[in-house]
Structures are given as C-alpha cells and as structure tokens.
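Biologist: I am new to this structure. Please take me through the terms used for it.

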Amino acid sequence: MADRLELLELGDDVLYFDEPCPPRVAAQIDAAAHDYGQPVAEQRLLYAYFLAPEQLSVLVALYRYYFYQHRLEDALVVAERALEVSARRLQLVGGWRSLGPHTLGEAAMRSMGMLRFHLLALKGSAVILLRLGRVSEACTRLRTIAQVDLRDALGALPLLEVVDRQSAAAPEPLD
C-alpha cells in the first residue's frame, strides 16, 4: 500500500454516524439540540455520554456543543476521547501517532469510514490547539494528516500554511 491514502474514496463503508444509536441515547441528543442555549442541554449530552461513552454520535454532539460554546478545553477533552475510541476500533496501538504506511493501510482495511473519522477528530483537536495557542502540538497533528492525505481532502495543508505565514510575519523576540 502507498504511504498516502485517497480519503475521498470511501466506498460502501459504514460511516460513524450510521452506527446504530440506542433510542434512549438518541433521544437525549435530540432533546439537547432542542434545548440548545439552556443549561439542560449540556446535562442531556452528559447523560447521553454516561449511557453510551463510546457512541461516536454522542462524542460528536458533545464536541460541537463545547466548541460552539467556546469552551475549547472541554472540546479538546472530547476530541481526545474520540481519538481514543476510534484508535481502539482501528487497532492503532499508538493512536494517531502510530499512523504510517503500514498502520494506515491496516486501519483502512478495517474501516475506511472510521479512519476518516479518526483523522477528522485529529484535525478538530489540532484546530482547538491552534485556538488555544498550542501551535507546536497542533502542527504535529496537522503534519500527520498531511502525510497520509494524498489530495488534502481534509484540509490540513491550508491550516499549516496559515501557521507558517503567521510565524514568518511575527516579530522576533528581543533578547
């Protein structure tokens, strides 16, 4: 297998959001969406997480909730949890840090949809790290995506270019 992967070619693979969601959990997510902006929305999402801590739909809902509430530290915790869950399902022993030609191919054979989700969660965590000013950590994650995403379908390269431009334009610190 090549050292890069065409992530747009998902085939007939099941995507994370097609994963069956228990009705009680789905009801909490729907109720949280209806109650968005009220404190009870977060409570509903946390209850859904309590009911199904590895349900990717719950993790996506929690991530979005915290991200749009500008609670970036909380969103990062959820993104990290999504990375852990998807890495385990893909059997990536070292998580995203272990992605390379061999592990990428194996993960794609297990589930292309789950691999794409894992890489999107990695990108989401990188975006949060950028917003938190943790640029080096963010760039490490974005470079990992760029190394395996042949056509930059996930858009890591433009983010790296923005960081490079900002770094080049920043004044050098005085000694």
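Modeller: What covers the buried residues of H5 includes H4, helix H6 (112–131) and helix H7 (135–148). Helices are DSSP runs of H or I with at least four residues, strands are runs of E with at least two, and both are numbered from the N terminus. This is a predicted model, in which local features need pLDDT of at least 70, side-chain atom pairs count only at pLDDT 80 or more, and totals for chains, interfaces and linings use all residues. Residues are numbered from 1 along each chain as its sequence is written, and side-chain values use heavy atoms, with hydrogens and water left out.

Biologist: Which residues of helix H5 are buried?

Modeller: In H5 (residues 101–110), Leu104, Gly105, Ala107 and Ala108 are buried. Buried means under 20% relative accessible area, exposed means over 50%, and partly exposed is in between, with a 1.4 Å probe and protein chains only.

Biologist: What puts them on the same side of H5?

Modeller: They cover an arc of only 165 degrees around the axis, and therefore lie on the same side of H5. The arc is that of the directions from the helix axis to the C-beta atoms. On the other side of H5, His102 and Met109 are exposed.

Biologist: Why is Pro20 called exposed?

Modeller: Pro20 has a relative accessible area of 69%, and the cut-off for exposed is over 50%. Pro20 is therefore exposed. Its place is in the segment before helix H1 (23–34).

Biologist: What makes H3 roughly antiparallel to H4?

Modeller: The axes of H3 (residues 56–68) and H4 (residues 72–90) come within 8 Å and cross at roughly 160 degrees. Angles under 35 degrees count as roughly parallel, over 145 as roughly antiparallel, 65 to 115 as roughly perpendicular and the rest as oblique. H3 is therefore roughly antiparallel to H4. By class, the contact of H3 with H4 has 12 nonpolar, no polar and three charged residues.

Biologist: Why are H3 and H6 called roughly parallel?

Modeller: H3 and H6 pack at an angle of about 20 degrees, and their axes are 13 Å apart. The limit for roughly parallel is under 35 degrees, so H3 and H6 are roughly parallel to each other. In this contact, Leu56, Val60, Tyr63 and Phe67 of H3 meet residues of H6 including Phe117 and Ile128.

Methods:
Axes are lines fitted to C-alpha atoms, for helices over the stretch in contact, and angles run from 0 to 180 degrees between N-to-C directions. Ala, Val, Leu, Ile, Met, Phe, Trp, Tyr, Cys and Pro count as nonpolar, Asp, Glu, Lys and Arg as charged, and the others, Gly among them, as polar. Contact means heavy atoms within 4.5 Å.
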